[in-house]
Amino acid sequence: MKRWIGGWMAMLMFLPVLAHAAGFEEGRSYMEVPFPTKVVTGKKVEVREFFWYGCPHCYVLEPGLTLWLKKLPANAEFVRTPGLAAPAWRLDAQAYYTFKALGVEEKVHGAFFKAAQENRGTMTNENAVADFAASHGIDRKKFIETFSSFGVHLDLEKAKQLNEDLNINSVPTFVVDGRYLTSPSMAEGEDRFFKLLDYLIEKAAKERKTKAVKH
């Protein structure tokens with residue numbers, strides 16, 4: 001038992017060395033936000049993506065992100081949040097929360113991303129988005145009603161506040177456990193980015209355990 005504990009402690013001490021060897025430096029590869037935000041994932045480490053359907057960088061990242069999510073550790077949970085850094089992004093954010101309210105987010109997320117990117121300039125108003133929804137089997141009238149509902153507008157206001165609290169001014173941006181902010185550009189490449197997310201999840205989980213022991 002003592003040998004096992006000693007080996008485990010040695011591995012924990014070695015983690016910062018591994019992070020440094022991989023080039024994951026705070027202030028460069030990621031940053032700790034000044035005022036951490038409350039997570040919605042309970043006991044699991046929150047991995048929150050800020051995105052915009054009109055962002056080509058978000059679209060390019062999507063296939064790799066989909067593959068990475070299939071290997072997401074059991075102690076972590078992924079959450080999407082629309083970026084709202086510009087007024088033009090609000091329509092896409094409203095569409096996202098409408099899809100979510102109707103329970104079709106996973107069904108149409110990829111298709112709407114593709115439509116927004118490959119048919120640029122077409123998803124610019126409510127009618128165009130409603131037409132897209134109808135073409136994917138969603139009742140058009142119900143979509144329009146939900147699009148303008150109090151619940152969707154409340155989700156938009158919450159997202160806006162979260163964007164402001166974390167000072168999100170570009171996408172894609174990820175925040176791990178409400179504390180560590182990073183992006184593919186900060187990580188200097190997609191492959192390194194997903195390894196960095198793995199590291200930050202492990203770091204956040206370790207810090208949660210340390211905090212629990214202290215209390």
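Student: What is the relative accessible area of Tyr59?
Tutor: Keep in mind that this is a predicted model. Buried means under 20% and exposed means over 50%. Tyr59 sits in between as a partly exposed residue, with a relative accessible area of 25%.

Student: And Phe113, is that one buried or exposed?
Tutor: The cut-off for buried is under 20% relative accessible area. Phe113 has a relative accessible area of 1%, so the residue counts as buried.

Student: How many aromatic pairs are there?
Tutor: For a pair, the ring centres must lie within 6.5 Å. By this rule, the count of aromatic pairs comes to 19.

Student: What kind of pair do Tyr96 and Tyr97 make?
Tutor: Tyr96 is buried at 1% relative accessible area, and Tyr97 counts as buried too, at 8%. Their ring centres lie 5.1 Å apart. With the planes at 70°, and over 60 being the cut-off, the pair is edge-to-face.

Student: Let's look at helix α7. How far does it reach from its first C-alpha to its last?
Tutor: Helix α7 spans residues 150-165, which makes 16 residues. At 1.5 Å a residue, 22 Å would be expected. The reach in the model is close to that, at 22 Å.

Student: Why do the buried residues of α7 line one face of the helix, and within what arc do they fall?
Tutor: The buried residues are Val152, Leu156, Ala159, Leu162 and Asn163. Looking down the axis of α7, they line one face because they fall within an arc of 125°.

Student: Which exposed residues sit on the face of α7 turned away from that?
Tutor: The buried side of α7 packs against β2 (45-51), β3 (76-82), α3 (90-101) and α6 (140-147). The face turned away from the buried side carries the exposed residues Phe150 and Lys158.

Student: Now α6: within what arc do its buried residues fall?
Tutor: In α6, the buried residues are Phe143, Thr146 and Phe147. They line one face of the helix, since seen down the axis they fall within an arc of 100°.

Student: Which residue caps the N-terminal end of α6?
Tutor: The exposed residues Lys141 and Glu145 are on the face of α6 turned away from its buried side. At the N-terminal end, the backbone nitrogen of Lys141 lies 3.2 Å from a side-chain oxygen of the capping residue, Asp139.

Student: Where is the cis peptide bond, that is, which residues does it join?
Tutor: Look in the loop between α7 and β4, where you'll find Pro172. With omega at about 0°, the cis peptide bond joins Val171 and Pro172.

Student: Which backbone oxygen does the side chain of Thr173 reach?
Tutor: Thr173 is in strand β4 (residues 173-176), and counts as buried at 6% relative accessibility. Leaving out residues up to four places away in sequence, it touches Arg48, Glu49, Phe50, Ile168, Leu181, Thr182 and Ser183. At 2.7 Å, its side chain reaches the backbone oxygen of Ser170.

Student: What is the phi of Asp177 near?
Tutor: Asp177 is in the loop between β4 and β5 (180-182) and is buried, with a relative accessible area of 9%. It isn't glycine, yet it has a positive phi, near 55°.

Methods. Residues numbered from 1 in each chain as written. Predicted model: local features only at pLDDT ≥ 70, side-chain atom pairs only at ≥ 80, totals over all residues. Heavy atoms only, no water. Helix = DSSP H or I, 4+ residues; strand = E, 2+ residues; numbered from the N terminus. Expected span 1.5 Å × (residues − 1). Buried < 20%, exposed > 50% of the residue type's maximum accessible area, 1.4 Å probe, protein only. Arc of directions from axis to C-beta. Contact = heavy atoms within 4.5 Å. Phe/Tyr/Trp six-rings, centres within 6.5 Å; stacked < 30°, edge-to-face > 60°. Polar contact = N/O pair within 3.5 Å; in protein donor to acceptor, adjacent residues only side chain to side chain.
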